[in-house]
Amino acid sequence: MRTTLVTGGAGFIGTNMADRLLSQGERVVVLDDLSRIGVENNLSWLRATHPDRLQVEVGDVQDAAVVRRALQGVDQVFHFAAQVAVTTSVTDPVADYGVNLGGTVTLLEELRRLDDAPPLLFTSTNKVYGKCKGIEVVERGDRYEPSDEAVRTYGIGEDQPLQFASPYGCSKGGADQYVLDYADTYGMPTVVFRMSCIYGPHQCGNEDQGWVAHFLMQALDGNPITLYGDGRQVRDVLFVDDLLDAMQTAMDRVDELSGSAFNMGGGPDSTVSLLQLLDMIGDLGARPDVEFGPWRVGDQRYYVSDTRRFSDATGWAPKIAPEQGVALLHEWLTSSRLAASRAS
Ligand SMILES: NC(=O)c1ccc[n+]([C@@H]2O[C@H](COP(=O)([O-])OP(=O)(O)OC[C@H]3O[C@@H](n4cnc5c(N)ncnc54)[C@H](O)[C@@H]3O)[C@@H](O)[C@H]2O)c1
């Protein structure tokens, strides 16, 4: 039976991955320090849903001894543990650097100690492309659009120059480069996903990170939402189940894909601006009131992934459209809140 280490396994993407692998009959080791507020609920849910084959290590990915223990008998590694908010990285760049870059190098070194290092998939970010130099955008109604037709049609590819705007961009971008370099220098099987906006159940969205979930939660609570900037920022959104399909495909084909970075998101067919998401939420119930704040450091006006490198290599394509995914998340939030209020 295969065993998978999921670092950050109590987090949003980690919980979904652990749940999927356990449901498929595999063994999972979750390593998480539970530093993200709310993720202990994910861990309790995982434990209750999968009483067998789940091992939990509560600890810090920066601690080599903890990582070494978690790696025992492991066949593949999904490395999600991270400080995930740009805003937090701006107020505490040292802590951000420690977890995101230090933690990743610690994990790489512990993998390198092993005779036959298991494959590693690392979750990088679109923020490694910073302000997307050279991509001009124009305002069109309630969204920004690139002036260049090719960018409008296909999105932003891996040939976009790296430009680490914000400490978070630097720490994740540095880790992204280390993970690729360990494939090159040491021949270790590693793959990098540079991800845009992922959303879905078990996301503890807040004002700093996880905006789709945050907007829906605020709407359900009847609270206003602050839009930093003018709300016309556009992102491609990817429902977490589609991401898990891509990740499992990447792991299955790691021998061909090793040493590569792939832009990963919903692509040009799955884009929304913040204002458009509010309309979508309005269609599901009440559109929240909006306040506006100043633009944030490193915020891109337009970022949409060109996923063709990954799709061409593997045949993967997302299946869940934004309207459907947002409705699914709305339904999950409503039912999990109802269950929590009944239990209390
Ligand atoms: N969700 C997205 O839209 C998105 C987009 C781009 C990249 N990413 C990347 O994907 C990964 C997973 O993101 P997520 O949305 O699931 O975030 P998340 O915050 O829900 O999960 C991260 C988990 O890591 C844990 N963690 C933090 N510091 C740790 C440490 N020092 N040691 C051990 N565990 C630690 C947290 O407690 C949390 O459970 C992150 O690396 C993030 O940078 C996410």
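How are α8 and α11 oriented to each other? In this predicted model, the axes of α8 and helix α11 (residues 274-284) come within 11 Å and cross at roughly 45°. An angle under 35 degrees would count as roughly parallel and one from 65 to 115 as roughly perpendicular, so α8 and α11 are oblique to each other. Their crossing is right-handed. On the α8 side the contact is made by V212, F215, L216 and A219, and on the α11 side by L277, L278 and I281. Sorted by class, this contact has seven nonpolar residues, no polar ones and no charged ones.

**Around α8**

An α-helix has 3.6 residues a turn, so residues three or four places apart point the same way. After α8 comes G222, with a positive phi near 75°.

**Helix pairs**

Here are the pairs next to one another, with their axis distances and angles.

| Helix pair | Axis distance | Angle |
|---|---|---|
| α8 and α11 | within 11 Å | roughly 45° |
| α5 and α7 | 8 Å | about 10° |
| α1 and α2 | within 10 Å | roughly 5° |

For α5 and helix α7 (residues 167-186), the axes are 8 Å apart and the packing angle is about 10°. That angle is under the 35 degrees that sets the limit for roughly parallel, so α5 is roughly parallel to α7. This crossing, too, is right-handed. From α5, the contact takes in P93, D96, Y97, N100, L101, T104, V105, L108 and R112; from α7, it takes in P167, Y168, S171, K172, G174, A175, Y178, V179, Y182 and Y186. By class, 12 of the residues in the contact of α5 with α7 are nonpolar, four are polar and three are charged.

The axes of α1 and α2 come within 10 Å and cross at roughly 5°, which makes α1 roughly parallel to α2. Here T15, A18 and D19 of α1 meet N42, L46 and T49 of α2. The residues of this contact divide into two nonpolar, three polar and one charged.

**Two residues and their neighbours**

S171 lies in helix α7. Is S171 buried or exposed? It has 27 other C-beta atoms within 10 Å, and 20 or more are needed to count as buried, so S171 is buried. Leaving out residues up to four places away in sequence, S171 touches S89, D96, Y97, N100 and L101.

V74 sits in the loop between α3 (64-70) and β4 (76-79). It counts as partly exposed because it has 18 C-beta neighbours inside 10 Å. With residues up to four places away in sequence set aside, V74 touches T3, T4, L5, V29 and P118. V74 and R232 are 158 residues apart along the chain, with 44 Å between their C-alpha atoms.

**Backbone angles worth a look**

Most residues other than glycine have a negative phi. Which residues go the other way here without being glycines? R53 has a positive phi of about 70°, and H202 has one of about 75°. R53 is placed in the loop between α2 (39-49) and β3 (54-58), while H202 is in the loop between β9 (197-199) and α8 (211-221). With 14 other C-beta atoms within 10 Å, R53 is partly exposed; H202 has 24 and is buried.

**The ligand shell**

Finally, the ligand. There are 30 residues around it, and G8, G11, A81, A82 and T123 come nearest. At least two residues of the shell are supplied by each of α1 (12-23), β2 (27-32), α5 (93-112), β5 (120-125) and β9. Of the elements, α1 gives the most, with three residues. In terms of class, the shell has 16 nonpolar, nine polar and five charged residues.

Notes
Residues numbered from 1 in each chain as written. Predicted model: local features only at pLDDT ≥ 70, side-chain atom pairs only at ≥ 80, totals over all residues. Helix = DSSP H or I, 4+ residues; strand = E, 2+ residues; numbered from the N terminus. Buried ≥ 20, exposed ≤ 12 C-beta atoms within 10 Å, placed from the backbone. Near = placed C-beta within 6 Å. Nonpolar A, V, L, I, M, F, W, Y, C, P; charged D, E, K, R; others polar. Axes fitted to C-alpha atoms, helices over the stretch in contact; angles between N-to-C directions. Parallel < 35°, antiparallel > 145°, perpendicular 65-115°, else oblique. Left-handed = near helix turned anticlockwise from the far one by under 90°. Contact = placed C-beta atoms within 7 Å.
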